[in-house]
Structure formats: structure tokens, C-alpha cells
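User: Please walk me through how to read this model. I want the general idea behind each feature, then the case at hand.

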Amino acid sequence: MAAPVAPSMVPKEEDATAQGPSNEIVSPADALYDKCAQRSQGTVFFQRDLSNMQVAETMAELTVLLQELCDRHLMKLMTLEGEPCWKLRSRSDADKLRRLTPDERLLYHHIDQVQAEGIWSKALRARTNVTQQVLTKCLKSLESKDLVQSVMSVKFPNRKMYLLKHLKPSEDIAGGPWQSDGDFDTALIDAISSAIAQHIENETCIKVPGNWNDYGQHDMAAEIAHKKAQVQGVQDIEDAPAVKPYQPPRDPSTSKLVHKNSPQYPTATSVATWLNSKEVLRGKTCREDDMEQLLEMMVLDGRLEKISGTNYRTVLSATDKTVYNGFVDAPCGNCPVFDLCSDEGEISARTCVYFGQWLETQSEEV
Amino acid sequence: MSYNQRETPILAELCTFLVEDVYGELAARVYSVLARHGRQTLAAIARASYLNGRQIKYGLVILLQQHVIFHSGNDALVTYYEIDWQSSYALVRLGKVAKLVDDRFGSKAADVISHLLTFGHTRIADFKEAYFPADVASDDDSNDDIVNGTGLKRKRANGTHVNETSAKTNGIVNGVPSELEDVKPDPSSLTNGAHAANGISKSAKTNGNAHEIYMDGAVDLGDGLEKEDTAFASVDELYDVLQLLIQRGWVRTVTESQYLSPGDMHDKMQQETIDQEFSGSAPTGTKDKEKMHRAILQKKRHMRDQWLEVPRFSRKRSAETASQNGPNKRIKVNGVQHQPTAGAALPEDDLVIRVNPEKIAVAMRTEQLVQLVEQRLGSVTAHIYQIMLRMLENNTPRCYENLSEPPVAGEAANDIHLEPQLLVDARAIAKKLPRDFDVCEGLDPNAVVSITRRGHVRSSNVLSQPVDPNRIGMDHRTELVDKHIRLLAEDPLHFATWHSRAGFSQWHIEFDEIAKQLIQAEVENTIFARKGALGVKLIRALRKKGKLDERATCNAMMMSANDIRGIVNDLTVQGFVQTQEIPKVERREAKHSLHLVWYDRQRAREKLLHDTYKGMVRILQRIAFEREKIQPLLSKAERSDVIGNEEKWLSKGELDALQKWKEVQEKLLLQLFREDDLVATLRDFHGPLISV
């Protein structure tokens, strides 16, 4: 909240020190302001703090001084837990504020109140009760004076949200780390999710070479003889069929992924911690919620699967052939005119070009 | 059902095609009348068709024999006939069933099952008669029958062929309503029928066209038949196979109540309940009505369980005593003369048996789950899962309870008590594994080492001391199997659920949940094939979050609205996603309305099922079209002088065309069977889903 005030404070401090010696007679109000400015930026002053600065002799004088500073927009009156407190404004800001029309000031006040959350122009109008024309004009002038900015809300894409110029829009209106300019940053999401997929694969799977359990040479001839005996021999009908399971090749260069034996399944928290420690998101940190959103999306994508309430693991598939099901592998399953196809007429099984291509036969000409 | 009112409901169309393919034109004509007009009497069918009474009766007998239609029984004045859609559709599965049985019980059982499927319900005695013909002299005659049979095959199974066999049994089974009794054959046709069956048992070639087509699905089966000797060595062996099939629930006895349509059954049960428990007057109060509802459900369950009861087999006695005792009397009473040449007559010979369709669905579920596990976790784990599922299969009569009682209000759901026969433990599986099965494959090397406690895992994840699966002790084997089951259990689909420590680790399988996931997976598969990963992502997002507006959808998918709009539109058009507009102001302006998108898995399931039926119809139509194109050549190739001398009488071009036709037919049929797999997943594994 206070950090952005800093840049504008720096010249002011020089200002104050420069003014200090040259202009001996500093008004008590200015003295108070200077004293306050020496504290770290963004400090909130309570009445107790201000009286301790020993600028004002009495409480009444202090009140007058504070009133004067507030009128000059150098200080901002706030309340914290029912107690009044004050905060400094930079002199340049105060200068700008002083030049505002009352309407503009009112609007500025309301925009200031919502801070980073931003306020919708309609809500602003409802609160301030000004006409639409005045509102538009004032907001324009405030924007041109670099006091406020407008941001498109992510939640409500057609709403313009206003907030103070120096503030960063909150995630509610600007979106999390995955969004930029109110839209999902597809490139970023792709890159990060690939990295995460790799990370989770390392955590939950193990790469096993083809020759991991090399227990003796396979004699093809013996195997064929064995198989023959198995097929020809009278088989007890209770037995499982005499088909030998397919033996994958024991080539050491091939390898396949299998699920790890009792792994630590990652959660949104652990992945978020890992990602933040890698500092892949430049300058941004990824909260648990953001990570959960991403991981859930990857589950939808079929890259991860959810094991229990919070744990994720990689989806493995033992075969890499793409077979769907009986329906869509036939021409009808993907047919663009399936719903128009009927028993007879222009589009039917007899005239179907797709069947013709699939079977390499001739269809009836219409 | 249909989007376009002018069209026949798609399932009716599909089933009519199937009936025509399998049982010929006459049966299909009768069937299509029932399909179009619904529940009908004999007279009404006659009015609605151009067939005469005798033809219709023949058609109905065929259909009844195959349990493709219900009838309302002999008690009422008029008999109504009604289609059994489930078993009509099941005609597409003929080949698959034989394959499933072959995998589990061997080729002899598969042979028995395929005959049961082709001829509908059959008396056990007729089975014996077919496999072990009464008089040896008729073997020469049966050669003629084979010729006849081949002729039939070329002409496609027209009614007469099946008629003979059906006629053979319908005198014995009382399942046929009295008004069809006059189609009952004379004794001569009875023996003819037996001979026809005999011919079939000699060679699968004579089974008629339809049989051949649908048996083509079981390609491996055909190979197996060639390698292994399918002939039964003795009558006892046949009985053993039949008994096993009945005990495992693959075959059940036929009773008259199985002919009642669900509606008739309900009425009957309701009447019984009212008579027994409410002293003849229908209950009026809500409480009484609920009580009646429960009583009816209980009766239905009881009836269904009775069908599956295994009849007592008497065959422990020697053949001599059996022929001297009881059966003689029975033979006299029935007036059927058995020739005692091939095995003695037994009391159970009069049992009429048929294939139990519910069991087929259970077996298909097993196959599909194993396939899915193979895709996700590899073949070794899949094989272990297969053993698990097949062990459970024996005790699983059906995929889901369709007659479960509604929960009693106020009564807390007591914790699920699992029957011990629904549990399976690691040790039992380890014992069933073949000796040289590589149980270590597909596991983390570290897990293997932690069990065998020999050597260590090198940094390259290679075992320092390889483990030969042939030399693992039973204890370690069990532990390794347990590791595989744990992989199954940890999967998000939860293929297995831990139950207790018995037998190292005991597991049960929550089929209901898995079935839902299977349905979802098929919907996603379909969308992936059509619309790619983006469509699947949308469906998953909607499934997880419920109804979403555009912004929430974007947030869930982390994409911009522009990228999503197109896919939402496409999936809405295809019927997988629903949209809804909720006005916020009175004027209902689009600008001031909420636009929600949501996904209802029951709707998606029904839509996909409907589309799949339609796809199957198109495939059947295409097969018919392809056959029509090549018909002149086919008739030529089927001439008796050409068969066997194709090289001599047909030109190169003609042979190529025949080859091409075979390939085309095979491709289309394979696809048909795969679509049937999809239908099983969507329809047979789980009851209607409650919409979100």
C-alpha cells in the first residue's frame, strides 16, 4: 500500500531539506510534515505519535495543524480500529489534489478508499450520486492527471474498474499468475504445465530399461516347442487359457515408465513450493490456489490423474496405439452427414462415399 | 427415440435386420410386424401382414424357439406376442458368445453353446441325439443331410431349416402357446430334425449362412476347432460339459415363465401379491402400495433366481441301472422312444436348456475391463486382473441388480456386507498363474527387490541379481501379485478395492463405479475421435463442475472464451452437451441472460447408444449392398459343380472379386462386433444413471 508512495517522497525530502536552511521560518504545520516524512514511508501516525514529535504545544494546536495539513491534502485522515490516524501524501500528489474540482475530489476519495480492489464506474456513480456526464468527464480528467487508472476486470470482462494510479490491481480483477491483460497466457501455461508434468513424472514414475530383470536367455526353439505342447495338450477347462502373455523385448535401449512403488504423491502445495523455489515465474509467486487451478486443468487435459483428494500423478498408458471404439473407428462415427443419413435417398449406406473409401469399393452413384 | 418421426425407431430396424439375417425372411416378416405395431395377437398380425395364418404360425414358432419374442401364456383367452428387444439384439453376439465360452471352458463347450445359440432352447436328450445318433445306420443318411444343409447355407437360412429343429422340441416344451400347437410336426419330421442337428454337429459348415456369418466373429475359435478335436468321446463328457455350463450360470433351464414379457410378468406378480397378502383387494394407502411394490420386486427376484437354480444331476449311477429305473416310466409317459444305443436315457434328458443372456454381459464386461487395464497398466497386470475377474465371474449372475428395492426411508444404510464369494485373494491368484508367468514385469524394480530381498537396484534401475519368475517361491509370488493388485487399486478407476488380510490380501471389485467410468471413458473416446483433446477437456470440466457459464468454463479450462465457443457449439449440435438460457430480467434479453452449458452423462450415453445402433444398421445395410453387387458371381460360386473346383470354373477376375468380397464382409462384420462391444458398455453394465 505504501511502497508506491516512495518515489514521489524522495524529491519531497530533498525539497524539505533544501527549504530547511534557506527558509528559516517554517510553519509549524510544515515542521510537523517534515518530521513525519523522516519516518519510513507509509507509516501511519496516531495522535500519540504526532504529539510526541513536540511540534505542537497543546492538543488543540496539534488539531489545528493536522486540520491545516489535511486541507492542503498533505495528510490523509484515516481510522484504524475506531481510532483516528493519519498518513502522509507526497507534496506533488497533494499539489495535484489541490487543483481538483470538488466533483473530482469526491470521486478520487471514493476510488482511494477501495485501494487495489478497484471500483466499477457504475458502483462509483451509485456511491457518489453524480450524473453520468460529470462522472465520465471527471474520470477522464483524473486519468489524464495520472491520479487514477482503469483496468478491465477479469471476473466481469465488460466492467471498467478504477483504482489509484500507483497501485497494482489485485488478483481479483487482474487474474492470477496465469493471466495477463485479463486473458489466460496460453504460452506461459503451456510452458509451466510441461515443466510441472515432468516434475510430477519424476516424482511418481520410474523409468525401467528393457533388460531390468535379465534372468536368462530366451531360447526361441524351446519356446516354440513349449507353446506347441501347450496348445496341443489336453487342457483342463478349469485352467486359464494356455496363451502365454506377451513378452516385451528385453532390449536394454528401450525403456518404459512404470508407477513408482509407494511414492510421495505431489499435492498442489508441494508443487507450488517446488515451482516457487525454481523461480520460473519471473517476479510472481504461485499460490496454492493458483497451482490447484493449474493442476486441475492438467487433469482435465488428461496429463495428470487425481489419486485421492489432493494427490496427483502422471497418466501412463502401456500401449501407444490409438484405438477409440467400434463406432468412431467406422466411417459412421465421424461422418459429417450422419444425422442426415437415412435408409434410402441421397445419403444412405448404399451411396456412402466414406464407406466406399474405407472398404475400397464402389458406392452407388446418386 | 428417433429425431425424425418418419423413421422407424433405430433399434427396431436393427433387430429386424438381425432376425432376417439369422432366421430368414419369414421370421423377419412376422418380427417386423411386431416391431412396428408392438404387442399383437395372432389375428392382428395376420391383419397387418400379407401372410396367411400358417406362415405366421411358423414364423412365431421360430421366434419363440429363439426367445426373440415373448407371449402372454396360455391362461388368457387370447395370446399376445411381444418382442424381447434384449434377446433380439443379442443375435449379433452369437459368435462372441462362442468365443467367450471357448476361452473359459474349451472348444467342446463352445461347440455346445454355439448349437444352443443357433437352435434356441434345446432338450438335453436332443443334444445327446445330435452328438450321438441313435442308430448307426443313419450315418449314411446324415451325409445327405449335410448336402441338404450346404444347400441351405447357400440359400441363407430360410425358415424351413430352423423350423425343423424348432418343431422338434416344441412338442416337448410347453412354452409354445396352444394356438400354435397345430404347427407341431409329425414324428417323421421329428427324426428329420434330429438328423439335421446331427449333420450340424459333424461339420460347422452346414450351420446355415447366418450362423456362419456371426460365427465368423470368433476367428480364433475356428482355428481352435481345427486344431483340437471337438468331438465328444462319450456321452458322459457331453453331460459333464452341460453340467458345468449350467453350474457356472452360462446355461439355464427354460421355464414357461421366461416367456412372459416384463409387463405380463409384473401383472402376474401383482395379482399374486394382492391375492396372497392383501386378500384379493388392491391396496389403496401409500404405505400398503409400497409394501406391495416391495413384495412384487421380491417375487420377481425369487423367480429370476429360480431360473438359475442348478437342477440335480442324477448321472452318478451306472448306465445300466439308470436305464432300468425311473427313466423308463418317463419315456412311457412322454411317448418318446429313445434308442438305448448311445448312452442311456436320464431323468434330466427332458430338461430344456438355453443360453443365459445375463451371463454373457458379465463375461463381456470382464473382457472389456481387462482390455482397459492392459491399456493403462500393461499386459502382466491385465492378465492378473483377468484371473481375478474370471474367478469372480462364476459367482456373478448378472452385471447389476435391476430389481433392487428402494431404500427404506429413515433406515440408515447398513454397511455393505460382502458375500465371501465376491472376494478374491492374492494367494488364490498366485496359485492360478502359470509357472513361467513373469510376475515381476510391470512393477517398480524397487518393489521387486523389497520382496525378494536379493541384490539391489542399480542406478540405471536394473536389478543386480535378476529374478527368474520360474524360481520364485509361492510366498513371494503372492506378494508380487499383491503389488500388481495394488497398482489396480491405486488407479483412479479403482479396479480393485481392499477388503481384508485373508489370503495375504483379499479384494473385491466395485463393478458399479467402474461401469460408470467405462461409460464415461467411451463417451470421451468418441468425442476425442471427433473433436480432439479440446472436446474431451470440455466434457471433463463440465462433468466435474456441473453447469457453467462461459466465464467459469474458461476458468476451469484456463483458456480464452474464443477458443471454447466453437467446441461448445459443435458438441451441442452433436447432442453431447446441453445448453440453457436463464433470463435475469423480465424482457429476456440475450444480453441479460445467463447462458449455461452442462453435460449429462445419461443423455450422452443414450445419444451415443442411439448413434451406435444407427451405425450398426448402416453396416448391415452396406453388407447387403456389397452382397447385392456381387450376387451373380456368388450364385455362380455356390453352384454345386463349382464348389471345390473354383480354380477350374472361375476366372482370375472372379476369384479376385470373391476374395475382395470376403475381405469387405470380414471388415464390416468385425466393425459390427466392435460396435456391439460399445453397446455392451453403454447399455449392459449399468442401470440408468441418475442425472446430475
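The dialogue below takes confidence, then a sheet, a helix and an annotation.

User: What should I know before I start?

Analyst: This is a predicted model, where local features need pLDDT of at least 70, side-chain atom pairs count only at pLDDT 80 or more, and totals for chains, interfaces and linings use all residues. Residues are numbered from 1 along each chain as its sequence is written, chains are lettered from A and ligands numbered from 1 in the order in which they are written, and side-chain values use heavy atoms, leaving out hydrogens and water.

User: What pLDDT does chain B average, and where does it stay under 50?

Analyst: pLDDT is the predictor's confidence in each residue, from 0 to 100. Chain B averages 77, and 78% of its residues score at least 70. It stays under 50 over residues 184-213 of chain B and over residues 215-228 of chain B. Contacts (heavy atoms within 4.5 Å) beyond four places in sequence number 55 for 184-213 and 15 for 215-228. Elements here are DSSP runs numbered from the N terminus: helices (H or I, at least four residues) and strands (E, at least two). For the model, ipTM is 0.75 and pTM is 0.75.

User: What is the order of the three strands in the open sheet of chain A?

Analyst: Strands of a sheet pair through backbone hydrogen bonds, either parallel or antiparallel. Pairing here takes at least two DSSP bridges between two strands. The order is β4-β6-β5 of chain A, with antiparallel pairing. Strands β4 (119-120) and β5 (148-152) of chain A are the edges, each pairing on one side only. Two bridges join β4(A) to β6(A), residues 160-164. A:Ile119 has A:Tyr162 of β6(A) as its bridge partner.

User: Which helix packs on the sheet, touching β5 and β6 of chain A?

Analyst: That is helix α8 (132-144) of chain A.

User: Which residues of helix α5 in chain A are buried?

Analyst: An α-helix has 3.6 residues a turn, so residues three or four places apart point the same way. Buried means under 20% relative accessible area (1.4 Å probe, protein chains only), exposed over 50%, partly exposed in between. In α5(A), residues 91-98, the buried ones are A:Arg91, A:Asp93, A:Ala94 and A:Leu97. They cover an arc of only 155 degrees around the axis (from directions to the C-beta atoms), which puts them on the same side of α5(A).

Notes:
Axes are lines fitted to C-alpha atoms, for helices over the stretch in contact, and angles run from 0 to 180 degrees between N-to-C directions.
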